[in-house]
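Please read this report with the sequence and the structure open beside it.

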Amino acid sequence: MRKKTPPGKTEQVEQAEQREIEWLHAEITPATLDELAASGAAGDSGYTANINWYTGTAVERYDWRTGERYDLTLSMDPAHCDMSRLASGGAPFLNNHSSYDLSDVIGVIQSAALNGGKGTAQVRFSKRPEVDPIRNDVNDGILRNVSVGASIRKLKNITPKDAPEGTKKSYLAIDWQPMEVSAVPIGADAGAGFLSHQVIEAQLEERATAHEELHMDETQQAAATAAANEAALAAARTEALAAERARVASLNAAFLPMVARLGADFLPGVIANGNTVEQARAAAFDKLAATTATDPTQGHVAVGQDASTKMALAVENCILHRVNPGPNKLDTGRDFRGMSLLEIGRTLLERDGVKCAGMSKTELAGRILKGSRPNGDFVEFAGSGYSSAADFPSILANVMNKTLRGAYDAEPQTFKAFTKRGTLSDFKPGSRTQIGDVQTLQPIGENGEFKRSSVSDSKETIQLGTYGEIFALGRVAMINDDLGAFNRLAESHGRAAARLESDLVWAIITNGTSTSAPYVMNDTHALFDATNHVNYTSSGTAISVAALGVMTTAMRKQKGLNSIGFLNLQPKYLLVPVALDAIAKQYVAATTIVYTKPSDFNPYNGTMQVISEPRLDAASSTAWYASADPGQIDTIEYDYLEGQEGVYMETRNGFEIDGMEIKARLDFGCKTIDYRGLYRNAGA
């Protein structure tokens, strides 16, 4: 067991936060060659089969924290894959990952290894009568698929950094351990399966030698001896011919049905080389493995959801519908309709093998909030199996996370139009550099020399801060079936995170005349400075055509770092307190007006978008501001920690309280990058 730690983002390596065992499996179409054979004698070791249990295929998975899907690949580098359990000779071979009863074990993994980027193993079936139907179906080619149960310890984010926003993420498991292998009905890794679909045993002809007693006299003895020698030689020739015929017959029986996949030259080749059936099977295995890796037509992936995932999604749908039925239509969760939280939790516990009979409501509520894992907070075994995806704390945490993110996304944030979003990979100060203007290109005479130009630069520093709070869900709310408490807590923390972001960004504007950290610019001047930045009318005037003209002139006459060329910035957003919203719209909103004289003409009609913000009222009900398009010049940048955009949650079982502890966390930072695209008028 290892305690969960927050995911570090250096080199995009993350601790695996999904605590369930990952199951990766596949369907092979058509079937590949099987290495299934009985040892053939009383007291033998049973039937064995060679399998591919993983071939490095990326499989789509589901992130219970965010509700997003992602691609997961298990690294087949021996340095990343811990084979100590699977290669021990005693790991279980299970029936469809079920591990709640001894009867679920249908065999043992005798040996396992990593070979050329794929995982191979030999499994031995149990000789119990109830396993016979499964073994027979493997023999007949009806069951062809296997699946590996993998414990993920560390993931690496391999999503391309330049991928468009919204691209499905990809992760590579760089520290993981295969725990067991199962026979499954449907899978997702096209290379995983039994290596043939039929047992072909060589049919050996019985050989009987009849010996007649010859009654000969001495005169016939020499002739009889010569005849006996000749007969022995003939018998040896016959035996050798019979053995060769049996070998050829066995090879034909085994490989003629697979000529289309192995190639027309394979069977004549192994016959001419004198290969045994076992040697030919090994050669066929290598060829089929190579063919499958290079030819996608040899198999297809059929991704499906296991029973645990389906149950988890159904329970989640039922709870979301109860919490907020409007956007959450009751669909897959109909089987849980009308059930209380205690009843749902009992169903999930009993499915995972936890005996709930005789528990009081208080005991049951406490056990439900711990889930199938007695210590809840860590990866561990639950009963006779692993913790399930349909574990109540996991489902409840997922519901609360979706509720929290929904409230966070719905909270109005007026600053995003005139700011720029970015990401930081860690909590160290990050630099944002502006490059100065290039000198005007100089004329070069014939055979003249090109002159070097000097370009200045400036930088601002931005750094993330971490904000958060822990709240708890107790067994009282569980016993009272109070889903409203869960919903209110999640929504309030989601809204609080969004409001905090707005507070931090708008504080840059309202404290724009400050020369104290964190608002002072890198040049030691305030953001709004009438002398040094020429973006502040400190005398203050009300919004009017004349005042808008002063603001527009100031922005368009801004120059770059070298003070060479005009930037000609166009004001796009008029930022005002709510008290000035109506007046601002009178001057810049797009309206159709018939002017009767030139003095009535408003040149700013329809040129800017009004953004009114109550946080500006709290600082000054008269001051107003303007911003250029952040696509034209940097203004204010806000950043999240890479991979943790916005508020997110972590959960654990409470120690000081009877219930779950939920931590809402936000990693966020913001800073003015360039003053030239911003303007302030003190107002009147």
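## The loop between α11 and β19

Pro 518 belongs to the loop that runs between α11 (483-510) and β19 (536-537), and in this predicted model the peptide bond leading from Ala 517 to Pro 518 is cis, with an omega near 5°.

Thr 524 is also placed in the loop between α11 and β19, and its phi, near 75°, is a positive value in a residue other than glycine. Thr 524 has a relative accessible area of 58%, and because exposed means over 50%, Thr 524 counts as exposed. Val 534 lies in the loop between α11 and β19 as well, and here too phi is positive in a residue other than glycine, with a value near 50°. With a relative accessible area of 46%, however, Val 534 is partly exposed, because that class covers values between the 20% limit for buried and the 50% limit for exposed.

Ser 75 is found in the loop between β6 (69-74) and β7 (91-95). Is Ser 75 buried or exposed? Its relative accessibility is 8%, so Ser 75 counts as buried, given that buried means under 20%.

Leaving aside residues up to four places away in sequence, Ser 75 touches His 80, Cys 81, Leu 172, Ala 173 and Trp 176. The side chain of Ser 75 also has a polar atom that lies 3.3 Å from the backbone nitrogen of Asp 77.

## Helices α7 and α8

How do helix α7 and helix α8 pack, and at what angle? Helix α7, made up of residues 341-351, packs against helix α8, made up of residues 361-370, at an angle of about 60°, and their axes are 10 Å apart. The crossing of α7 and α8 is left-handed.

On the α7 side, the residues that take part in the meeting are Leu 341, Leu 342, Gly 345, Arg 346 and Leu 349, while on the α8 side they are Lys 361, Leu 364, Ala 365, Arg 367 and Ile 368. Sorted by class, this contact of α7 with α8 holds six nonpolar residues, one polar residue and three charged residues.

Methods: Residues numbered from 1 in each chain as written. Predicted model: local features only at pLDDT ≥ 70, side-chain atom pairs only at ≥ 80, totals over all residues. Heavy atoms only, no water. Helix = DSSP H or I, 4+ residues; strand = E, 2+ residues; numbered from the N terminus. Buried < 20%, exposed > 50% of the residue type's maximum accessible area, 1.4 Å probe, protein only. Polar contact = N/O pair within 3.5 Å; in protein donor to acceptor, adjacent residues only side chain to side chain. Contact = heavy atoms within 4.5 Å. Axes fitted to C-alpha atoms, helices over the stretch in contact; angles between N-to-C directions. Left-handed = near helix turned anticlockwise from the far one by under 90°. Nonpolar A, V, L, I, M, F, W, Y, C, P; charged D, E, K, R; others polar.
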